[in-house]
Amino acid sequence: MRSETEMKWLHVKKGESFDLVCDKIASDKSISHRCAIFSLLSDKPSIVRNYLRAEDTLCTLNIVKQLGAEVEESGNRLKITPPDGLSEPEDVLDCGNSGTAMRLFCGFLSSIPGHFVLTGDRYLRRRPMRRVTEPLTQIGAKIDGREDGNLAPLCLRGERLRSFNYESQIASAQVKSAMILAALRADDVSTYREPELSRDHTERMLRGMGANIESWDTITIEPLIKPLEPLDITVPADPSSGFFFAVAAAIVPGSRVVLKNVTLNPTRTEAYKVLKEMGARVEFEEMQNRYEPIGDITVTYDGRLKAVEVSERISWLIDELPALSIAMAVAEGESVVKNAAELRVKESDRISCVIDGLKACGIECSETEDGYKIVGSNFKSAEIDSCGDHRIAMSFAIAGLLADMRIKDVECIETSFPNFTEILGSITEVESWR
Ligand code: S3P
């Protein structure tokens, strides 16, 4: 654990209106993880352009190498050559801070012959893994971990898996993806249902690689009878990372941001629609469609925002709720977030971190079990603890555009958006120190 004196701080100074056209938003994290893992399902090299070079996805790439893949990098292009047969790694597989990496690898490795140990940083080692280890164990996987298989480090021994008909209680793309990866190597056709559609990159990408995956209300997955076609993909920009600057444009009078080449997958753009409902001008322009629709998003300040209630399609905006809470904090009226208990088991307990942070900024707000209430007013300068969570750190950095913010423990920004501070520095004054 980092001591107070080693912690990195960020000071964001109150800014003026800005007009930013940005083609440097970090590449999509969800898609990057999947590119690395799915390349192992082919017997030919995959080509991945604009792979996200952030701590989380570099951990995943490293694990793919430990499993025997060869990774060649030139400029923004990765060539990932899968091994003839995956090798049993000599060492533990470190997922860093990434729940996506740990849960997807659980599904993927459950059927690979060998012994694998998945671990991560102190935040990830506290996050619940039973949501994947339990359904996987039910179909024959051998997985163990602390708290009877709930907490990492997790030990896996690959086994032959049975097909399944699984109905998940949570709309989670990580659980869904883990089960789809397991189903690809099960002994017969499997089905998976979730309470509402969660982000669907896995289905889109695997289908693009030739897998037989049908999705309506129920997802039907046929086991692979041969290796998949390799990926040839340019990873679009991450709408969750872009959203920090969308909120910035929506709350700083006279501002506009154009986010270039973002995935416009509807399971990822819901927060932009909420921002529009709150009164910002939000425009989508689709430019291409390969695996996913991709294009530009423009967000323009259009007067003071209005309060909103968010209680549906939560999985489509779960990662954006901390940044959205900054918009709610200046909107006219009381905003309410409900049905979002999943926020409590993210990189931090995002309900209490958001509320503690907003209270420090003088905003009237309160937590509920599955969300929060925020009464919009004006930000006061404050000192904020990121709770070691990248999205909390970046959300309050954006609030700094309205009143100076000093944010403690910002190293975590490296997990998803290493050039965030540089982009923020192009619209206002920022200073960081240890
Ligand atoms: C992700 C799924 C979501 C999201 C996470 C990335 C993914 O998590 O919050 O940041 O890439 O599958 P859950 O599956 O836990 O909802």
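In this predicted model, A399 counts as buried because its relative accessibility is 0%. Buried means under 20% relative accessible area, exposed means over 50%, and partly exposed lies in between (1.4 Å probe, protein chains only). A399 belongs to helix α12. Helices (H or I, at least four residues) and strands (E, at least two) are DSSP runs, numbered from the N terminus. Leaving aside neighbours within four places in sequence, A399 is in contact with I326, F379 and M405. Contact means heavy atoms within 4.5 Å. C361 is 38 residues from A399 along the chain, and 9.2 Å separate the C-alpha atoms of the two.

Residues are numbered from 1 along each chain as its sequence is written, and side-chain values use heavy atoms, with hydrogens and water left out. As the model is predicted, local features need pLDDT of at least 70 and side-chain atom pairs count only at pLDDT 80 or more, while totals for chains, interfaces and linings use all residues.

D389 lies in the loop between β22 and α12. Is D389 buried or exposed? D389 counts as buried, because its relative accessibility is 0%. Not counting residues up to four places away in sequence, D389 touches E347, S348, R350 and C412. A polar atom of the D389 side chain lies 2.9 Å from the backbone nitrogen of R391. The side chains of D389 and R350 are joined by a polar contact of 2.8 Å. A polar contact is a pair of N or O atoms within 3.5 Å; within protein, one must be able to donate a hydrogen and the other to accept it, and residues adjacent in sequence count only if both atoms are side-chain atoms.

D389 and R350 also form a salt bridge, with the closest N and O atoms 2.8 Å apart. A salt bridge is a side-chain nitrogen of Lys or Arg within 4 Å of a carboxyl oxygen of Asp or Glu. This pair links distant parts of the chain: R350 is in helix α11 (residues 350-360), 39 residues from D389. Both R350 and D389 are buried. Salt bridges that share partners join R127, E347, R350 and D389 into one network.

How many salt bridges does a search of the whole structure find? The search finds 26. One of them joins the side chains of K176 and E194 (3.0 Å, N to O). K176 is in helix α6, and E194 is in the loop between β11 (190-193) and α7, 18 residues apart. K176 and E194 are both buried. In another salt bridge, the closest N and O atoms of R268 and D238 are 3.0 Å apart. R268 lies in the loop between β15 (256-263) and α9 (270-277), and D238 in the loop between β14 and α8 (239-251), so the pair ties together parts that are 30 residues apart in sequence. R268 and D238 are buried.

Helix α7 spans residues 201-208, and its H201, T202, E203, M205 and L206 are buried. The elements that cover these buried residues include α1 (29-38), α6 (173-183), β12 (213-215), β13 (218-221), β14 (232-234) and β17. After α7 comes G210, with a positive phi near 105°.

The chain is divided into two parts, domain 1 (4-27 + 236-433) and domain 2 (29-223 + 230-234). The bounds come from an automatic or database domain assignment. The centres of domain 1 and domain 2, taken over C-alpha atoms, are 28 Å apart. At the interface, 32 residues of domain 1 are in contact with 31 residues of domain 2. Domain 1 and domain 2 bury about 2,600 Å² between them, with 46% of it on carbon and sulfur atoms. S27, Y291 and T415 supply 27% of the area that domain 1 buries against domain 2, more than any other three residues. Buried area is the accessible area (1.4 Å probe) that two parts lose on being put together, summed over both.

Across this interface the rule finds three salt bridges. It also finds 19 residue pairs in polar contact, both residues being at pLDDT 80 or more. On the side of domain 1 that touches domain 2, β17 (292-300) and α12 (390-399) each supply at least two residues. By class, this side has 12 nonpolar, eight polar and 12 charged residues. Here Ala, Val, Leu, Ile, Met, Phe, Trp, Tyr, Cys and Pro count as nonpolar, Asp, Glu, Lys and Arg as charged, and the others, Gly among them, as polar.
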